Amino acid sequence: MTEFELLLQKTGHSVAEAAKILGYSEGHVYRWKRGEETPRDGVMNLLRMEVEARHPDTSDSAFSFIDLFAGIGGLRKAMEGAGGRCVFTSEWDKYAQQTYDANFADNRPIAGDITEIAADEIPEHDVLVAGFPCQPFSIAGVSKKNALGRAHGFDDETQGTLFFDVLRVLKHHRPAAFMLENVKNLRSHDKGRTFEVIIRKLRDELGYYVPEPRVIDAAHFVPQHRERIVIVGFREEVPFSFDDMVLPPHRKRRMNDILHPENGTEDPEGHFTLGNDAEVNSKYTLSDKLWAYLQNYAAKHKAKGNGFGFGLVGGEDIARTLSARYYKDGSEILVSRGDGNNPRRLTPRECARLMGYPEEFRIPVSDTQAYKQFGNSVAVPVFAEVARIMGPHVTALLDKERSPALKVG
């Protein structure tokens, strides 16, 4: 990646926006991105100044944290809302990096694959947050492994999984706390053995205080049924309780809260909405062929007694879980356009709203990548609430450790 492309990515500007701001043609900007031409020093300095201006003042942050398997920064937004300052980010997908860079003003690069980063290369931090992917664990008996002369325990049971990388960072840095996120089915994966290994590693082998994890449905905050398990831990026992969360009424939010109104009350945005009324671009409407296929597919499975099929929603409904495969056909959440009209997919902006991202969140990637990113994301308000009730316990631990009286003792 050229320096120009990196700076452009950090500003969050599209090529068209950059051309307008810099006073050059889009062709110039594309050639600079590709490294075919070298931009003038004035162009580079202007971009550097804009990146620096976006850098937030974090001098009064309550605690520092690192963001692993960061995606597009949903957990980061949650932690920043609780007063945290991000000091390290790891995300391997280049398109997710692009969206992350466009929305978080860091003057440091995003680290890539966490499996290739040594723990001592990660800065000291107070909290670790991670939405780690779930992979099968090897949990064959220790006695058998001893007989075969193989390693067991901390390294062996999780080696080759991405959770292992969370563990090795926790083991090396011993941060005051952590927050981990995963799918609800983590509890039942491999008949519960995967979850048992995770909790045992955190509690028994690393010595963290881990309250009973909680499954939370995002439908308290957004019009989407999306259950995720939250695991938090602290270096010492603290009076943390998930019961301290303030959850809005379950399933009160409706799709009308996130759908484009198409009546001129919002400004048109890029290719998502068009015209004075900001009507949804017709490209999001399903073709006759795709709509017929989905209806036939649903009818076939219904006849077999299966529940497979598309999910059609109106303004007063609540959606199914948005998945990373949404870009394929949008079948899990199709917006009704009335009788006789083919339904449409959500726009990426509606997906952002469905996941609890603010209106100013930038979407600099293609629709396909945006759908993948939001489908893989956390519902931000859920984790913002968890971070809110974690915050006081984190700062209390840090204050305790910094206390002169404690050091004298």
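Student: Which helix gives the most to the lining of the largest pocket?
Tutor: H14 does, with 5 residues. This is a predicted model, where local features need pLDDT of at least 70, side-chain atom pairs count only at pLDDT 80 or more, and totals for chains, interfaces and linings use all residues. Residues are numbered from 1 along each chain as its sequence is written, and side-chain values use heavy atoms, without hydrogens and water.

Student: Which elements supply at least two residues of that lining?
Tutor: Strand S1 (63-68), helix H5 (74-81), strand S4 (177-183) and helix H14 (367-376) each do. Helices (H or I, at least four residues) and strands (E, at least two) are DSSP runs, numbered from the N terminus.

Student: Which residues are closest to the centre of the largest pocket?
Tutor: Phe 69, Gly 71, Gly 131, Pro 133 and Asn 376, out of 39 lining residues. A pocket here is an open set of points on a 1 Å grid over the protein atoms alone, where a 1.4 Å probe fits, with protein on both sides within 12 Å along at least five of seven lines; lining residues have an atom within 4 Å of a point.

Student: Changing topic, what does pLDDT average over the protein chain?
Tutor: The average is 87, and 89% of the residues score at least 70. pLDDT is the predictor's confidence in each residue, from 0 to 100.
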